[in-house]
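Welcome! Please take a look at the sequence and the model below, and then let us walk through them together.

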Amino acid sequence: MTPYSSSLLTAVAAAVLTLALPSVAQAPTASGVTTVPGMPPVLDATNLYSETRSGVMSKAVEGALPRVYVPNRSENTVSVIDPATLKVIDKFKVGINPQHVVPSWDMKTLWVANNAEGRTDGSLTPVDPKTGKAGSSVPVDDPYNMYWSPDGKYAIVVAEAYKRLDYRNAQTMKLEYSIPTPRCAGINHADFSIDGKFAFFTCEFNGSITKIDLVNRKVVNTISLSQYFNRPDVLATIATPGKKPRYIPDPSKDGGEICTTRGMPQDVRASPDGKTLYVADMMADGVHVVDGETFKQTGFVPTGVGAHGLYPSRDGKLLYVANRGGNEIRGKPLGKGSVSVMDFATGKIVKTWPIPGGGSPDMGNVSADGAHLWLSGRYDNVVYRINTTSGAVDQIKVGREPHGLTVWPQPGRYSLGHTGNMR
């Protein structure tokens with residue numbers, strides 16, 4: 001196998017006509033949404049997940065083996081699980097510190113993002129989903145995560161350590177341009193506006209989220225997130241100089257406490273209508289709610305300890321929140337891990353499924369039929385398969401420190417990146 005999928009090259013080569021900034025937007029589709037040129041049309045303005053329903057499988061994934069690919073960060077391998085038997089059937093070496101397995105925009109290739117933390121030999125390793133085998137790795141600066149421009153022209157490499165987004169030609173992975181994000185320390189996970197004009201990236205190390213204008217290639221704004229977003233008195237107290245204990249008394253609530261630790265935003269997902277962003281925060285133990293148009297925080301929903309990964313159900317009605325079970329970057333096994341289930345329509349938590357005996361559910365995705373949520377157990381060296389009806393949990397032993405696994409194949413017309421942000 002060559003370093004790049006031939007199907008990927010053919011599809012993207014047809015799309016890449018110019019590197020100039022787009023000057024004319026597409027005409028509105030039947031849904032009324034005007035998208036950026038080259039982006040597939042929005043078919044349902046009320047549900048951007050309409051084409052990721054169970055059974056809506058693209059011809060692009062025909063012949064793909066049903067597998068779960070698990071990057072084991074601290075042993076530089078990928079474990080391959082057969083979901084039918086719940087057995088690890090293969091394991092192969094990749095680059096240094098594999099973080100996420102990312103489906104390509106055309107869904108023909110899976111890319112393992114190896115960011116080589118603290119080193120300069122980051123890389124991307126392609127995997128052919130029809131064989132489950134890896135190809136030759138491509139040198140790339142600090143690919144902590146990777147997304148795709150909505151038109152499929154560019155791979156957006158999230159160079160976390162450098163506070164920038166590197167736009168690479170999807171044919172060759174050659175660097176075309178970068179967008180600096182100096183106010184976004186620990187730039188991390190992302191989602192996109194329904195029209196493809198904007199991206200929203202979380203800033204893990206300074207408690208923020210940043211809005212990127214993809215058309216004009218610039219940062220629009222970066223805002224801080226807080227569970228006390230509507231409490232200026234608390235925000236002022238937290239902002240006062242000097243070291244503070246993690247918890248201090250809340251003067252407005254008898255016996256209540258205020259957490260003084262700055263948030264640590266992780267995954268972000270758009271509501272079905274694309275108007276609202278939900279941002280998991282592993283320090284605040286919940287999900288921030290942000291209006292995408294005004295780019296202001298409007299709410300906060302407590303979920304569980306270490307809120308981390310966000311995954312919509314196949315019918316687009318629910319959002320699964322993986323609570324990692326701890327607030328530490330380097331956590332401990334058997335934490336207070338759980339999965340909270342949020343109703344998109346009400347913004348309320350309707351169910352919570354604990355990991356029996358404790359655990360550390362992190363990143364993953366939903367199976368093609370919607371019956372199971374697959375998540376890595378980051379500090380327990382396992383993968384969880386969670387029944388989305390009952391919450392029952394199966395565990396499969398994998399390598400050391402599993403992280404952003406992907407379930408493949410998945411429904412959808414194209415991938416926007418991460419572990420399968422499908423549309």
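## An open sheet and the chain around it

In this predicted model, an open sheet is built from 4 strands in the order S3-S2-S1-S31, with antiparallel pairing. Strands here are DSSP runs (E, at least two residues), numbered from the N terminus, while helices are runs of H or I with at least four residues. Two strands pair if DSSP finds at least two bridges between them.

Strand S3 (87-93) and strand S31 (406-408) stand at the edges with a single partner strand each, so one side of each has no neighbour in the sheet. On average, neighbouring strands of this sheet are turned by 25 degrees against each other, direction ignored; the axes are lines fitted to C-alpha atoms. Strand S2 (residues 77-82) runs antiparallel to S3 and is joined to S3 by 6 bridges. Asp-82 stands opposite Lys-87 in S3.

Now for the whole protein chain, which holds 2 helices and 31 strands. Its radius of gyration, 20 Å, is close to the 22 Å that the globule rule gives for 423 residues, so the chain is as compact as a globular protein of that length. The radius is taken over C-alpha atoms, and the rule is 2.2 Å times the number of residues to the power 0.38.

| Property of the protein chain | Value |
|---|---|
| Box filled by C-alpha atoms, along the principal axes | roughly 65 × 50 × 45 Å |
| Buried residues, of 423 | 61% |
| Accessible surface | about 16,100 Å² |

Buried means under 20% relative accessible area (1.4 Å probe, protein chains only), and areas come from the Shrake-Rupley method with a 1.4 Å probe.

Residues are numbered from 1 along each chain as its sequence is written. In this predicted model, local features need pLDDT of at least 70, side-chain atom pairs count only at pLDDT 80 or more, and totals for chains, interfaces and linings use all residues, while side-chain values use heavy atoms, leaving out hydrogens and water.

Note on methods:
Axes are lines fitted to C-alpha atoms, for helices over the stretch in contact, and angles run from 0 to 180 degrees between N-to-C directions. Buried means under 20% relative accessible area, exposed over 50%, partly exposed in between (1.4 Å probe, protein chains only).
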